[in-house]
Amino acid sequence: MVTPGTFSTPQQPGKPPSDAVVLFDGSEAALAKWEADKSPAEPTRWVVKDGAMQCVPGSGYIRTKESFGDCQLHIEWAAPAKVEGNSQGRGNSGVFLMGQTEVQVLDNFDNPTYADGFAGSVYGVNPPYANALNKPGDWQVYDLIFRRPIYKDGKLLDSGRFTVMMNGVVVQDATPLEGGGGHKGRSKERPFPEKGPLKLQDHGNPVRYRNIWVRPLPPRAGDGGDMGVMSPEAATAKKMEIAKRIRDDAAKLQGHAKLRRLMESLCYEPDAAARKESEAGIAAWVAGIKQTPAGGMEAKKGEVMQMRDAVHYLVRFKFLPDALPAKAEIDQLIKDSGWEPKK
Ligand code: MG
């Protein structure tokens, strides 16, 4: 369960979802989660003003103390309301995922620049689809989905990708990363580490940030091995693993609950013993239901219909034989009780 957050308004930052790692919540104390991007690390000289973390020009990039890999990132920024400079010199900063590849932060509201250096570009890699910026001084909301490049034994398996929303408008759609980025140049594909800090750029402008949170994402299927697509062998192995977990769970249960878990396990692996036990369990269940005294059937309706659906499903997808006697018996029971759906 994830309790969703709330959306920001121009006046008020929204709330992060319940499972987010909050990197900046507007408090002075949150600065402790960041450090200057120097070696050895130093406390950052960026400042907190009116609930926003502000770049102090000349103080250098900052980075999170914690490291992240594949993630969803929410970050809001605002360029100075007082417009100064042009092109790359106006409200310039940047969001560097894993400290490696930049989604550009720039006041391009009415300020052209080269295409792959635009706000919302994967810098030096791909221009944004659209310019959906608010005016300078207003808050801009970035929502990013980041997948890092994956290499194995020096071979590229997955180039990684960036999806970016600018104020709710898609500006990057699974853009391949080609390694990092680079100033007016194509960067070569290169291995990334598994994790790295989030960095924010000091490009000489007092850009402000608020409401920064990240949600690490589950690994891609077959992460590190097969371009995100499972081989048939890996998929079979995974299904067998799931089936075993369900059977282990069933072993701790009794009666109807146990039977339903065993039947569920058949969807993942046609284990002969589990199938035999399921068939015997279904037959015993039908025999039991048939003993229900007159007038007691109505109370069993939910259970019977649930079993009918489960058995039909398992037969339709050949997890149980079509000739299973219990299937016809359950159908007859439903007919006799007048529970068939009206045509
Ligand atoms: Mg920048």
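Predicted model: local features only at pLDDT ≥ 70, side-chain atom pairs only at ≥ 80, totals over all residues.

**Domains**

I started with the domain assignment, which gives domain 1 (21-216) and domain 2 (232-336); such bounds come from an automatic or database assignment. The C-alpha centres of domain 1 and domain 2 lie 52 Å apart.

Residues are numbered from 1 along each chain as its sequence is written, and side-chain values use heavy atoms, with hydrogens and water left out.

**Helix packing**

I looked up helix 3 (residues 272-290) against helix 4 (residues 301-316): they pack at about 150 degrees, with axes 12 Å apart. Axes here are lines fitted to C-alpha atoms, for helices over the stretch in contact, and angles run from 0 to 180 degrees between N-to-C directions. Helices (H or I, at least four residues) and strands (E, at least two) are DSSP runs, numbered from the N terminus.

The angle makes helix 3 roughly antiparallel to helix 4 (under 35 degrees is roughly parallel, over 145 roughly antiparallel, 65 to 115 roughly perpendicular, the rest oblique). Which residues make the contact? I found Ile 282, Trp 285 and Ile 289 on helix 3, and Glu 303, Val 304, Met 307 and Val 311 on helix 4; contact means heavy atoms within 4.5 Å. By class I get 6 nonpolar, no polar and 1 charged (Ala, Val, Leu, Ile, Met, Phe, Trp, Tyr, Cys and Pro are nonpolar, Asp, Glu, Lys and Arg charged, the others, Gly among them, polar).

Next I checked helix 4 with helix 5 (residues 325-336): the axes come within 10 Å and cross at roughly 145 degrees. Helix 4 brings Val 304, Met 305, Met 307, Arg 308, Val 311, His 312 and Val 315 to Lys 327, Ile 330, Asp 331 and Ile 334 of helix 5. That contact has 7 nonpolar, 1 polar and 3 charged residues.

**Lys 276**

I also stopped at Lys 276 in helix 3. Is Lys 276 buried or exposed? At 65% relative accessibility it counts as exposed (buried is under 20% relative accessible area, exposed over 50%, partly exposed in between; 1.4 Å probe, protein chains only).

I found a cis peptide bond between Ser 39 and Pro 40, omega about 0 degrees. Pro 40 sits in the loop between strand 2 (34-36) and strand 3 (47-49).

Asn 167 has a positive phi of about 50 degrees although it is not a glycine, and at 23% relative accessibility it is partly exposed.
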